[in-house]
Amino acid sequence: MENVFADRISYVPRSFIREILKVTADPSIISFAGGLPNRDLFPLRELKAAANTVLDESGREALQYSSSEGDLELRNWIADRYKKKNKFTIHPKNILITSGSQQGLDLLGKTFLNEGDNVIIEEPGYLGAIQAFSLYKPTFFPISLDADGIKTDKLKQVLLNHDIKLFYCVPNFQNPSGISYSEKKRQEVAELLKEKNTILIEDDPYGELRFLGKDRTSFYNIIPNNTVLLGSFSKIVAPSFRIGWIVAKDEIMDKLIIAKQASDLHTNYFGQKIILQYMKDNDIDEHIDKIKKAYSGQRNAMVAAIQKHFPQGINYTEPEGGMFLWITLTEGLSALKLFEKAIRQKVAFVPGDPFYVDKKDVNTLRLNFSSVDEETIRIGIKKLGEVLKNY
Ligand SMILES: Cc1ncc(COP(=O)(O)O)c(C=O)c1O
C-alpha cells in the first residue's frame, strides 16, 4: 500500500518497549524490562466486590453512556485527595477523567501543538509522551537531568532563546530514571516559568509511591496558572481500567473537553464506577502503603545487588519511590549490545535509546524493580553483573 497513510503516523516509531516485551515474554527470562505494577498486589477480591455492588445497585446507569468530563463523584474524590495530600483546592470542573494519563498526553498534544511548535522534554524522557507528542510533529528540546531534577541553567537558556509552548516533566520518580526534583529545583523551575506563556505539564503517576524522604511540592501548588497536572489510578489500583485524569484551569479545560469528545466521547464509565466503589469500601491509604512497602523492599534488593555485583565505574540512581532505576555504563559502552548479551544469559532490561529523541546507541539503561520479587532481583542482577564484567 503506497501513499495511503497520513504523514503524522510515519513520524512515530512503534513502541520499542512493546517490541522488547515480546522478546522477554519467554518465562525463563528474568525481565527488568517491563514497566508494570506488581500484579500480586492488585486488590482482586475487593475489586470483584466493588464490581458486584456497582452492577447490583446502579448497573443500568453504569452500563450507559455518560458525561465527557467523567463521573462527578469520582472527580470530587480526586479533588478531596489533592486537598488532603497536596493542600490545594481544585474544583471538580477543573478535572477531566481520561482513558489513562496516556490519553491525557494525547489530548494535550491535540489541544496545544501545531507542527513545529517547541516542546521541552526531559532527557531521558518518558517514551509514551515522546510518542504521543510526536504525532503532532513538534520540535523537541531535550534537557538532561541531574540527580535532583532538570538542569536549570540549560532550561533558562532554552527559555531565553526560544518560544516554548510546552514543558513536559515527571517530577516524582521519573520514568525512566527514577529521579525526583528537589524542592530547590522546583522553585527554580517555577521562577523561570512564572512570567512566561509556557505551559508546564506535570505528569505525576508515581507521586503517591514515595517510600523514602518527604513529599515535595507540586508545581500546581507553586505556579497553578502555568501548570496542567496529570494523575492516574494505574499505579495505585490497576492499569487495565485505563483511568487517569487531567487538572487544568477553565480556559484549557474547555478545549480539552472538545478534544476528549472527538476522541472517545468519555472514559469507560463502568470502570470509573468500580474504582470509586472500591475506594468507598476500602482504605486506599492502607492499600498504597502495602504497595510502597513491597516496592521499597524490591528497590533496596536491587540497589544492594547492584552494589555487590556490578563492576566499578557504573552509575545508578537511588530512587525514593516509583518503579524504576537508571544505569549509566562506562563511557563508550553500548546498552543495546549489552542487551543482546544479557538476553543470551536470560536477563533483560530496556536499553536507553528510546528515551532520547536525538541520540542513538547510548550507554544508559532502565531497570524496573516493581514487577520482580526480591529473590529474582538478586539472581537477575547477579547475572547482569556477570554479563557486564565480561563486556
Ligand atoms: C510518566 C508516565 N506517564 C504516563 C504513563 C501512562 O499511565 P496510564 O496508565 O495512566 O496511561 C506512564 C506509564 O507507565 C508513565 O510512566
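K273 counts as buried in this predicted model, because its relative accessibility of 13% falls under the 20% limit. Its side chain meets that of E61 in a salt bridge, with 3.6 Å from N to O, and this pair links distant parts of the chain, since K273 belongs to helix α11 (residues 269–281) and E61 to helix α3 (residues 44–62), 212 residues apart. E61, for its part, is partly exposed, with a relative accessible area of 42%.

- The domain assignment divides the protein into domain 1, which is made of residues 7–43 together with 286–389, and domain 2, which covers residues 50–281.
- Taken over C-alpha atoms, the centres of domain 1 and domain 2 are separated by 24 Å, and 35 residues of domain 1 are in contact with 35 residues of domain 2.
- About 3100 Å² of area is buried between domain 1 and domain 2, and carbon and sulfur atoms give 69% of this area.
- Within the area that domain 1 buries against domain 2, E320, F355 and V357 supply 21%, which is more than any other three residues.
- Between domain 1 and domain 2 there are 10 residue pairs in polar contact, counting pairs with both residues at pLDDT 80 or more.
- On the side of domain 1 that touches domain 2, the elements giving two or more residues are α1 (7–10), α12 (284–309) and β11 (324–328), and the largest share, 7 residues, comes from α12.
- Sorted by class, that side of domain 1 has 21 nonpolar, 6 polar and 8 charged residues.

**Salt bridges between the domains and the wider network**

- E320 forms a salt bridge with R216, in which the closest N and O atoms are 3.2 Å apart.
- E320 lies in the loop between β10 (315–316) and β11, whereas R216 lies in the loop between β7 (199–203) and α9 (219–222), so the pair ties together parts that are 104 residues apart in sequence.
- Both partners count as partly exposed, E320 with a relative accessible area of 25% and R216 with a relative accessibility of 24%.
- E320 and R216 also belong to a network of salt bridges that links R81, K84, K85, E208, R210, D215, R216, D285 and E320.

- D289 and K292 both lie in helix α12, where they are 3 residues apart, or about one turn of the helix.
- These two residues form a salt bridge whose closest N and O atoms are 3.9 Å apart.
- D289 is partly exposed, with a relative accessible area of 45%, whereas K292 counts as buried, with a relative accessibility of 18%.

**K185 and its surroundings**

- K185 has its place in helix α8 (residues 183–193), and its relative accessibility of 6% means that K185 counts as buried.
- Leaving aside residues up to four places away in sequence, K185 touches D146, D148, G149, I150, K151 and T152.

Terms used: Residues numbered from 1 in each chain as written. Predicted model: local features only at pLDDT ≥ 70, side-chain atom pairs only at ≥ 80, totals over all residues. Heavy atoms only, no water. Helix = DSSP H or I, 4+ residues; strand = E, 2+ residues; numbered from the N terminus. Buried < 20%, exposed > 50% of the residue type's maximum accessible area, 1.4 Å probe, protein only. Contact = heavy atoms within 4.5 Å. Domains from an automatic or database assignment. Buried area = accessible area lost by both parts, 1.4 Å probe. Polar contact = N/O pair within 3.5 Å; in protein donor to acceptor, adjacent residues only side chain to side chain. Nonpolar A, V, L, I, M, F, W, Y, C, P; charged D, E, K, R; others polar. Salt bridge = Lys/Arg side-chain N within 4 Å of Asp/Glu carboxyl O.
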